[in-house]
Amino acid sequence: MTAAPAPTAMKTPPSSARQPLGTRLRPHLACARMEFRAALTYRTAYLSSFVMMLLQIWLLTVVWKALYDGRAEVDGLGLTTMTAYATLTTLQYQLVSPWRSSPIDQRVREGKVAVDLLRPIGFPGQMLAGQLGWASAAVPVLLVALPFALLIGAGQAPASAAAGLAYPVALLGALLVNQLLGLLLGLVSFWTLEVSGALMAYRFVAQFFSGALVPLWFMPGPVRAAAEWLPFQATAYTPAAVYLGQVEGPAIVAALGVQLAWIAALSALAAYVWSRARRRVMSQGG
């Protein structure tokens, strides 16, 4: 009597964790490309935003020259360093914080979220990839605007080799922190369809406490303490301070660590808010 053959194991489709990284990232890159192309269609809005950027650099330069009033230094900081800070923060803030924070509110109003939920990747991942694609559309225009910005304001080389190496890392951290904040702001539209008022208030608070207008070292004690406890300083002040040598040595690692901590905290918060928003969508959709 022969033994029955052993049953063959059923083949299961490979999970996303077993797929190559390139395969897993392909849908996200597609979302980023789509938003990149969409951003380039808003030429008038982009051009006006960059005109305003150059105007802001000029105004900040005029203001700081007037405040220095012919003095070489104020609190150990030279006028050239201050105008370079104003130029750098304005330029990088245009990349890190584009004029549209998130497409979520528009997609919720138009009912396109139902289509997004049918895609093979998670909704927050789609939106975050799209936001990064939208922000990257600023790069070519920034490269064109850079000579004019340096002519109006001021520029200088990194304070040291360590600053030059750490700056791109800090700029990437600033981009991720700001995009996660934009994602959270966009998710609010699942509870209220109109977020323009909240967006205006957010932009004012974020730009001030980020140090994009006034560096943290010139802020009064209580205001500076509040700015250091908020995530906004990681989006403008941190990369600029690293580049100009105002944060040096072990303090660079600490500043990058703060950015990383905010990225982790905001990611966890976004996941929680999305879990609540998803229940709301399902309860309304039946």
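The structure described here is a predicted model.

## Overall architecture

The protein chain contains twelve helices and two strands. Along the sequence these elements follow the pattern α-α-β-β-α-α-α-α-α-α-α-α-α-α. The chain has 286 residues, of which 42% count as buried.

Helix 2 covers residues 43-68, and its end C-alpha atoms lie 38 Å apart. This agrees with expectation, because 26 residues at 1.5 Å a residue should also span 38 Å. Its buried residues are Tyr46, Ser49, Phe50, Met53, Ile57, Leu60, Thr61, Trp64 and Tyr68. The spacing in that list may be read against a general rule: an α-helix has 3.6 residues a turn, so residues three or four places apart point the same way.

Most residues other than glycine have a negative phi. Asp69 is a residue other than glycine, yet its phi is positive. This residue lies in the loop between helix 2 and strand 1, the latter formed by residues 73-74. Asp69 counts as exposed because its relative accessibility is 62%, and the cut-off for exposed is over 50%.

## Helix 3

Helix 3 runs over residues 79-96. With 18 residues at 1.5 Å a residue, it should span 26 Å, and the 25 Å between its end C-alpha atoms agrees with this. Of these 18 residues, 16 are buried, so helix 3 is largely enclosed by the rest of the structure.

In soluble globular proteins, nonpolar side chains tend to be buried together. The largest nonpolar core in this model has 68 residues, and those touching the most other members are Tyr46, Met53, Tyr85, Ile104, Phe123, Leu187 and Phe190. Helix 8, which covers residues 161-187, gives the most to this core, with eleven residues.

Asn178 is also found in helix 8. Its relative accessibility is 7%, so Asn178 counts as buried. Not counting residues up to four places away in sequence, Asn178 touches Val96, Ser97, Tyr202 and Thr235.

## Packing of helix 6 against helix 8

Helix 6, formed by residues 123-136, packs with helix 8 at an angle of about 125°, and the two axes are 10 Å apart. That angle makes helix 6 oblique to helix 8. The crossing of helix 6 past helix 8 is right-handed.

On the helix 6 side, the residues that meet helix 8 are Phe123, Pro124, Met127, Leu128, Gln131, Leu132 and Ala135. Their counterparts in helix 8 are Leu175, Gln179, Leu180, Gly182, Leu183 and Leu187. Phe123 and Leu187 were both named above among the residues touching the most other members of the core.

## Ala255 in helix 12

Helix 12 comprises residues 250-285 and includes Ala255. Ala255 counts as buried because its relative accessibility is 15%, and the cut-off for buried is under 20%. Leaving aside neighbours within four places in sequence, Ala255 is in contact with Thr238 and Val247. Ala255 and Ala234 are 21 residues apart in sequence, and their C-alpha atoms are 8.1 Å apart in space.

Definitions and conventions: Residues numbered from 1 in each chain as written. Predicted model: local features only at pLDDT ≥ 70, side-chain atom pairs only at ≥ 80, totals over all residues. Heavy atoms only, no water. Core = buried A, V, L, I, M, F, W, Y, C linked by side-chain atoms within 4.5 Å. Buried < 20%, exposed > 50% of the residue type's maximum accessible area, 1.4 Å probe, protein only. Helix = DSSP H or I, 4+ residues; strand = E, 2+ residues; numbered from the N terminus. Contact = heavy atoms within 4.5 Å. Expected span 1.5 Å × (residues − 1). Axes fitted to C-alpha atoms, helices over the stretch in contact; angles between N-to-C directions. Parallel < 35°, antiparallel > 145°, perpendicular 65-115°, else oblique. Left-handed = near helix turned anticlockwise from the far one by under 90°.
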